There are 4 protein chains.
Amino acid sequence: MENILETIIEKNRYLVNKGKVADYIPALAEANPNYIGICLMDMEGNIYKAGDYDKKFTIQSISKVISLMLAIMDNGEEKVFNKVDYEPTDEPFNSFYKLDLPHSIKPSNPMINAGAIVATSLIKGSGEEKFNRLLNLIRKITENPNITYNEEIYLSEKDTGDKNRAMAYLMKNMGIIEGNVEAILDSYFKQCAIEVDCLDIAKIGLFLANRCRVLNSETSLCDENISSIITAIMTTSGMYNFSGEYAVKVGIPSKSGVAGGILATVPKKMGIGLFCPALDQYGNSIVGYGIMKDLSKELKLSIF
Amino acid sequence: MENILETIIEKNRYLVNKGKVADYIPALAEANPNYIGICLMDMEGNIYKAGDYDKKFTIQSISKVISLMLAIMDNGEEKVFNKVDYEPTDEPFNSFYKLDLPHSIKPSNPMINAGAIVATSLIKGSGEEKFNRLLNLIRKITENPNITYNEEIYLSEKDTGDKNRAMAYLMKNMGIIEGNVEAILDSYFKQCAIEVDCLDIAKIGLFLANRCRVLNSETSLCDENISSIITAIMTTSGMYNFSGEYAVKVGIPSKSGVAGGILATVPKKMGIGLFCPALDQYGNSIVGYGIMKDLSKELKLSIF
Amino acid sequence: MENILETIIEKNRYLVNKGKVADYIPALAEANPNYIGICLMDMEGNIYKAGDYDKKFTIQSISKVISLMLAIMDNGEEKVFNKVDYEPTDEPFNSFYKLDLPHSIKPSNPMINAGAIVATSLIKGSGEEKFNRLLNLIRKITENPNITYNEEIYLSEKDTGDKNRAMAYLMKNMGIIEGNVEAILDSYFKQCAIEVDCLDIAKIGLFLANRCRVLNSETSLCDENISSIITAIMTTSGMYNFSGEYAVKVGIPSKSGVAGGILATVPKKMGIGLFCPALDQYGNSIVGYGIMKDLSKELKLSIF
Amino acid sequence: MENILETIIEKNRYLVNKGKVADYIPALAEANPNYIGICLMDMEGNIYKAGDYDKKFTIQSISKVISLMLAIMDNGEEKVFNKVDYEPTDEPFNSFYKLDLPHSIKPSNPMINAGAIVATSLIKGSGEEKFNRLLNLIRKITENPNITYNEEIYLSEKDTGDKNRAMAYLMKNMGIIEGNVEAILDSYFKQCAIEVDCLDIAKIGLFLANRCRVLNSETSLCDENISSIITAIMTTSGMYNFSGEYAVKVGIPSKSGVAGGILATVPKKMGIGLFCPALDQYGNSIVGYGIMKDLSKELKLSIF
């Protein structure tokens, strides 16, 4: 299997030059675009790794999966989706013009920035508590107590996060989010700056594939139904406004992050963690997409 | 099984009064909202029916699945998706304002009206030939040579179809569709007026589930990969701007029509045809949605 | 005075190269971009001409002033503005996306294409009659019975007018326009193809400046209040989404056409007709704008 | 003259019940809707007053005229309009969705909130200095050194101003505004809370009518050309997305405020200050509009 992974990595390496590392904050702009790492973990607990699987990167938007999970655990599905819709959108991840149209009532889904900020706002606790509870949940899911956040990247995100700030204040004005906006944003910026590696991400994927259970654990961390909710939303919205094409070409529920990570989950089968910083125009890892396409075909992982 | 179906039908019958029959043309407005029919067909060829499964209804937007299939058969995936995107949208099925925004290049997906008109425009042949080839394909898939279209409904659609006309002329102006707009629309209105029953629809679902093969047939009607494309697009966009919530609550690739039909396909397992005319605000059968939710749980059909 | 006009023409001639002749139909694309003509007519009947004042050009969107006038004469102000709003818009002349937003009820104003099509639809009579009545009104206002339309340009407009067709069908669907869409469009395309020269346009300007009276005529062609309505709308919307800047820089109620014409009216003082085919990005004559700026300053014509 | 004013006031008093006092902050919601005051001041220095002309009210959006004036005085016209456009819009005063569309570069005009925040950002000095300089300018124009701001209303505006905050952060993100967003907003909220009476407003109108000179003053406060710029912009955009209809029905350059004030200027003739708190759906004083219509007819003040 690891040979297959290595072959697929090399086959897609040329794509590095077709993408562009995120450059809206210095710490991301400095990422090495040549890093390509992947890790698979299946339901038997087998772990397969290749490339730069051990490099750390910030989780960024992949954290939206966790904040949604925690928001549902804290409030129930119905209350969460009163404040954010389930619907995929053909707009970019940081678009929010629709919220200012007269008939608008809530962000389209929890995988775009506006919807993810809503999810974070719904996590119980103060800004600090929201973040700590989310970090704690990630540590439990990954069985990795060392996971923490990158202070420099958090501060950079906070410093340059005026568009997220704009949408948060608009939603505050609309009554979609409650509480202190800056504290919510603080928690949101921190969650994006959590540092992980490919194995951590693969374990999150496996946790979802295993219906919200850590493999071989006796206790469930949350209602198993939450895995269906999140897997469905990852399928329709996880790759931003490329989710439709990704579903056709790859067919595996996935969520990307702007640092180049991809979380993928094959229901009842496998979790996948991928990392390569160069992005396409939608904000997804361009090499990651190429690898996922090949992996899906090679291992027949498409759900369609 | 048929007992289960009947129980689920009765459990959801109260929803009839929460929906509203389509009333934009007289022939649809006269539909009996109390009809509830369902038909399942599995890979072993077993057929299970309940309720008003033998009532005829017009296929309406379910035909978008067939026109997309034929457009891809005629042109290949790449050429089709140069003219219509793969992306789900949070806008209603007949919205097209985005096409008139400065950065717009094509409709979001082939399951909304604008995208479906593009697909029809790409089917080879004159307006008349486009329709005949599409009708012929449906007859082959359903093994039902008696299927034809309802002349009265076709003429009504044509007469009141000015919004579809508007989007078609805009797309002609943008270079997205070529050829005679009225001929393309004529074919489009006719395809919407094709009359089917629940078994016909179930067979379309099974054809997709069976990777584009009529069950027990030796010849494939088209490249099996087309089933993945269409199943993925049904999942992300098949229930209009309710597709995201439907994916969470039902988890079965489906396509609805405004006459109350629902086509559902469970990959490698089953095709489902449903019919109940009362619609929700999105244009989907409201009883059909209730039944699909229960069916998905009862038979564990969700792909997530 | 004619020396002043000639000086201003020469001062602005360099702008020819900064603009671009309309090229959406061949007959317009062939226009000579070096033609610059102007004609002023004051309340004493003095006529001042300079440059290529005797060249004929199609009236294009300047006809929107006449169709609005006739629609009000036929229906009264209230009925007309039930179907089209008074409001200037920051969108281009052929934009109509807002009409497809959920809260939309009518086009913003009668100087953009959608609103002008509404005005034409409200002129009494069949398509043929609408046009003949409008042509007749222009002949009376200009005292020029020889004015007619350019058949080739009319047919080209009709042939390539799919975007206008799109907005007309959408408005038909919304109940904003009634009757046969193609007949209304036919009249609209013909009115745009009416051929005039600078004196004709200056006389229209003077007619408005003189409160809807042909100079020295004893009979009024319409209610004098209509001149205020139209002059106000020309001020807020006459130069498309450049009207705001034009009001600041020129300060004279004006209406432009895509063939390069500009109609200007100085209330109680003067009518101006201008012609130079090269356009700016908004669809206004780029040389014409330069000349109007200088003329406004030189003759102190700004209303502000 | 004062008899005329009183007659017009009484004629329009019934409109009080057709409007609604602004209620987004408590201090405004408590306004007495029955107050109707008016003050005219002509170029000879004659002052005519009627009704509740001596009641104080907050200037609100009328301050946008002053902040634009000061921004131009500080930066020149060109630099200001690099950051905010001249164009009227058919969107409400607090709409900003267009700023988030891909092709957007700046707010439509300085009379909507987004554009006014840009103007405030361009006033030289820190947040505190911006405000003090603006207050000082108003004191000079009105020759009223006692004018100050209402602390309670300022704090309420600040507390509930999340939509303004949202657009400011978006514009910061887009590079349209620079500097500390909260300091700019602070100045903006304070300028809206400046308290004036009808005479103060009439004097601002007269200052503009007199080409930026305080009547009988020997020194000009700014370039006289600024009066044309502002008068033109008030005409095309001063009454929000009702400016087009207002131009047709009233024809006097005006600017309204949400506390019920209207500033009007008749070029070279007169300044008008009006006050009545009940608003129409656009945010303009509903009685004020009725009075302006009658006044324009009675005194033949329309510029069209």
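Which side chain does the side chain of A:Glu157 meet in a polar contact of 3.2 Å? Hold that thought for a moment, everyone.

First, the ground rules. This is a predicted model, where local features need pLDDT of at least 70, side-chain atom pairs count only at pLDDT 80 or more, and totals for chains, interfaces and linings use all residues. Residues are numbered from 1 along each chain as its sequence is written, chains are lettered from A and ligands numbered from 1 in the order in which they are written, and side-chain values use heavy atoms, with hydrogens and water left out.

Back to the opening question: the partner is A:Tyr24. By polar contact I mean a pair of N or O atoms within 3.5 Å; within protein, one must be able to donate a hydrogen and the other to accept it, and residues adjacent in sequence count only if both atoms are side-chain atoms. A:Glu157 sits in helix α7, residues 151–160 of chain A; helices here are DSSP runs of H or I with at least four residues, strands are runs of E with at least two, and both are numbered from the N terminus. A:Glu157 counts as buried because its relative accessible area is 6%. For reference, buried is under 20%, exposed is over 50%, and partly exposed is in between, using a 1.4 Å probe and protein chains only. Beyond four places in sequence, A:Glu157 is in contact with A:Tyr24, A:Ile25, A:Leu28, A:Gln60 and A:Phe189, contact being heavy atoms within 4.5 Å.

UniProt, in an unreviewed entry, lists "binding site" positions including A:Glu157, A:Ser61 and A:Tyr240; such annotations may be inferred rather than shown by experiment. A:Tyr240 lies in the loop between α11 (225–237) and α12 (243–249) of chain A, and is buried at 5% relative accessibility. Setting aside residues up to four places away, what A:Tyr240 touches includes A:Phe93, A:Tyr282 and, from chain B, B:Glu87.

Next stop, A:Asp42, in strand β2 (residues 37–42) of chain A. A:Asp42 is buried without a salt bridge, and the nearest side chain of opposite charge, A:Lys269, is 11 Å away. A salt bridge needs a side-chain nitrogen of Lys or Arg within 4 Å of a carboxyl oxygen of Asp or Glu; for charge, Lys and Arg are positive, Asp and Glu negative, and His and chain ends are not counted. A polar atom of the A:Asp42 side chain does lie 2.9 Å from the backbone nitrogen of A:Glu44.

Thanks, all!
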